[in-house]
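Please read these notes with the model open beside you. They take up a few local features, one point at a time.

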Amino acid sequence: MSEAKKLYIKTYGCQMNVYDSERMAEALGGQGYVETQSPDDADMILLNTCHIREKAAEKVYSELGRYKGLKAAKPDLKIGVAGCVAQAEGEEIMRRQPMVDLVVGPQSYHRLPELEAKARSGEKALDTDFPEEDKFEVLKNRPKAKRGPTAFLTVQEGCDKFCAFCVVPYTRGAEVSRPADRILTEARDLVERGVREITLLGQNVNAYHGAGEGGDWSLARLIWALNDIDGLERIRFTTSHPNDMTDDLIEAHGTCPKLMPYLHLPVQSGSDRILKRMNRQHTADSYLKIIEKLRDARPDLLLSGDFIVGFPEETEEDFQDTLDIIRASNYGYAYSFKYSTRPGTPAAERDQLPEDVKDDRLQRVQALITQQQKAAQDAMVGKEVGVLFEKPGRLPGQMVGKSDHLHAVHVQGEGIQTGDLRRVRIVDSGRNSLAGALVA
Ligand code: SAH
Ligand code: SF4
Ligand code: F3S
């Protein structure tokens, strides 16, 4: 038997790319590839890329530049670009960087084996179609290897919302939901392999409407079905749009035992004028009302959000509205970005704000967010939470895991194993993590 070929995958961007990279490794596993942690001994390098901001996209080209020496030393090495940059730029990637052998968009990963064979034979391989078939169905031939305690599971892809700043509707295409039974089968399979927490993924996950028994299922219905799987202990989902936060889903946060008290619900801006220009289709007030309902259902819900500062035409007053909505929402986590012009999106054509104004606003928004995050973390001290242990900590006898609210928690404790879910009392709050003690 010939020696296994080695595959190195580098993943950028969101969790959906993490999930896709696992699927790509499985698809190429059938072609005799095993994964390696270093590009140096690889026979194939795949970059799974992100196009969300300019910096993210440019990283791809600087990374490719680094492989020049490797390719010169090993002409058989095949280099591929997958993900959202592949979808957005297609053939242009090979023009700009001729050593790239293969370009594959996010909807075509099930065609990787053919594309790999084509690249192996010395031809350039390109596929950025949006085919009809379910890419995950064809990719399901996974090995039954043991896994860590947490896993992602993509249930929905694409986006029909067309926020004026965002490339996702172009790179991932229209919204598609996977059928409920396939998701449940995949979830059971993950649990058999050691997974105890599943995070359901979708660019617009709460718009999920997959075919199921009796008609289309909502995300809430899917979560309730997952709740019945023995051995699965925790359910999360991300990312949600405020307008798809339906009453059944809000209610599930109060009543579904395995659904964790954490929600990523981006609002982007606190100014109604900017929200309108962003084509977000909601107001600051409608967002705050949803949060109120959510906290009525689940008082200890930890909220997380995304913010864009320096969007075209954003005034200081608009920016103050953003600071206000952050104060009013009280986030446990929040992520903020300077607006980045993306080719082909409506906002890219508008008058842009000076860079120094964007920098200044980013600093101010981040100062507020950092304060809120720390306060939310500190407020956990004295509370009892569930912790799912994921790995040993830095100190001997220490284990680290994530709390129900997604805080990192380290515990000094004899006999704790990876994959254990234990009750823990939080005793201290450090810079980026909590310290806890097992509740007897
Ligand atoms: N589907 C998710 C977000 C996907 S992108 C949602 O609707 O919330 C993740 C985050 O990147 C967004 O929430 C937004 O804050 C940020 N983002 C998207 N496009 C951007 C751009 N052009 N410039 C800066 N940040 C951007
Ligand atoms: Fe992008 Fe808006 Fe769709 Fe989120 S909802 S993926 S921000 S277009
Ligand atoms: Fe980036 Fe594509 Fe995800 S643009 S954020 S990798 S959907």
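1. Leu 406 is partly exposed, with a relative accessible area of 23%, where buried means under 20% relative accessible area, exposed over 50% and partly exposed in between (1.4 Å probe, protein chains only). Helices (H or I, at least four residues) and strands (E, at least two) are DSSP runs, numbered from the N terminus.

2. This is a predicted model, in which local features need pLDDT of at least 70 and side-chain atom pairs count only at pLDDT 80 or more, while totals for chains, interfaces and linings use all residues. Residues are numbered from 1 along each chain as its sequence is written, and side-chain values use heavy atoms, with hydrogens and water left out.

3. Phe 162, which is not a glycine either, has a positive phi of about 50°, and its place is the loop between strand 8 (156-157) and helix 8 (168-171).

4. The UniProt annotation "binding site", from an unreviewed entry, covers Cys 14, Cys 50 and Cys 84; UniProt positions are given in the numbering used here, feature names are shortened, and annotations may be inferred rather than shown by experiment. These residues span 71 residues in sequence, yet no two of their C-alpha atoms are more than 10.5 Å apart, so they gather at one spot.

5. Cys 50 counts as buried at 13% relative accessibility, and Cys 84, in helix 4 (residues 83-89), counts as buried at 10%.

Definitions and conventions. Chains are lettered from A and ligands numbered from 1 in the order in which they are written.
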